[in-house]
Amino acid sequence: MSEDQGAALGEELARRLSDAVDAGFDEQIEFLQELVRRPSVRGQEHLAQDLMFQAMRQRGYEMDRWRVDPKDIEHHPGFSPVAVDYAHAWNVVGTHRPRNETGRSLILNGHIDVVPTGPVEMWADPPFAATIKGDWMYGRGAGDMKAGVVANMFALDALRRCGLQPAATVHMETVCEEESTGNGALATLVRGYKADAALISEPSGGRMTRATMGVQWFQIKVRGHPVHVAHAGTGSNAIQAAMDLVAPLRAVEDKWNARRHETKHYADRDHPVNMNVGKIAGGDWASSVPSWCTMDCRISIYPGFKPQEMQRDIEDAVRKAASGHPFLSNNPPEVVWNGFFTEGYDLEPGSDVEIVLSRCHERVSGKKPVDYIATAYIDSRVFVLYADMPCMVYGPICEDAHGFDERVNIPSIREATKAIALFIADWCGVEPVGG
Ligand SMILES: [Zn+2]
């Protein structure tokens, strides 16, 4: 086990940083509202990225902004297939360079993209209004994860407010595509951004993320000849045939859940592998037998397994189910891998960066952090699997991420920002601003 060689931050500096976060906190919350009000669903990330670019440039960081081009990253083993236009898939990186590089370098990462709102009438308030009620800010992306993105920037501001800056290079990254492929974070790596450690301020609720799953997206396409409804027997239409594939897909999910005992961190989880039929479309007319149906699905796989293993299981299950089916045996369904195609990872405990972040969290909250075992995808896999960088995933409390009335707890934003500010100072060391 390695030991952190650096000395912990002095009491005095820790208190000054904490006060500095308090001093900037109203401004931080206003900025977060402004960012939430720029809806950055997939394909529309650019306006939110413009705001981040401007805010970082105003602060004097060295700026880099580029459109993710699948051609630049498709050779990489961490690449996920792309089925949409990347016209607005922008990444932004602001870099702080110290006068004297004496400390350990750092990447502060967060994703700018958010998932769709669903029917807006299901929300108590408009999803991009960033309404504050009591201790909570409501809005799509407020918690997942614009609060974290903003916390990274204001944590660095807190150092400046104390007349200090990191004594090491810090890359502040806001990336696209986290909710669909992970190609945004991957593109930063391929572009050359690396550091001694990374921190992603996803809403972990103050916990340390110990493991994440790999996620895969696939689309099942069923096609067949339409006939008039008067001549159709049961089970011979594309929509019903697609429905018949759900049970065999569930069987794959069951099989993988039964294997959870083979894993380090998922053995105690009830149902770590979730197969989700997320979107379904098909047919054209109430009185025509549907000739087509498309089902968009998501499944996940444990750390240590390749997405190709899941791909094989899914394709086998679909092929077997189709072979004995009255409609599908004549019209074999196609499986298209059109998004996430990622691996998970286990984070070894006891790294230097974890020791430093743990003590900063404890100092701010008075509690030792507990482990968080994620069943979803997190961009941290890019750094851990492909750059051999330790990556912490740590941030505020969010409820109903991806659901209605998504909200982030405001006191937890304050606490996470303080912990991140202390962490930056502790990990990178500090030097006076200017001079
Ligand atoms: Zn997220």
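1. Domain bounds here come from an automatic or database domain assignment. On that basis the protein, a predicted model, is divided into domain 1, made up of 11-211 + 346-432, and domain 2, covering 214-341. Between the C-alpha centres of domain 1 and domain 2 the distance is 34 Å.

2. The interface can be described by residues and by area. On the domain 1 side 19 residues are in contact with 14 residues of domain 2. Together domain 1 and domain 2 bury about 1400 Å², with 54% of this on carbon and sulfur atoms. Asp346, Ile373 and Thr375 account for 38% of the area that domain 1 buries against domain 2, more than any other three residues.

3. Next, the polar side of the interface. Seven residue pairs are in polar contact across the interface of domain 1 and domain 2, both residues being at pLDDT 80 or more. The rule finds one salt bridge across this interface. Glu348 and Lys264 form a salt bridge in which the closest N and O atoms are 3.1 Å apart.

4. Helix α12 takes in residues 410-428, 19 residues in all. From first to last C-alpha α12 reaches 27 Å, close to the 27 Å expected at 1.5 Å a residue. Is α12 mostly covered or mostly exposed? It is mostly covered, with 16 of the 19 residues of α12 buried, where buried means under 20% relative accessible area.

How values were computed. Residues numbered from 1 in each chain as written. Predicted model: local features only at pLDDT ≥ 70, side-chain atom pairs only at ≥ 80, totals over all residues. Heavy atoms only, no water. Helix = DSSP H or I, 4+ residues; strand = E, 2+ residues; numbered from the N terminus. Expected span 1.5 Å × (residues − 1). Buried < 20%, exposed > 50% of the residue type's maximum accessible area, 1.4 Å probe, protein only. Contact = heavy atoms within 4.5 Å. Buried area = accessible area lost by both parts, 1.4 Å probe. Salt bridge = Lys/Arg side-chain N within 4 Å of Asp/Glu carboxyl O. Polar contact = N/O pair within 3.5 Å; in protein donor to acceptor, adjacent residues only side chain to side chain.
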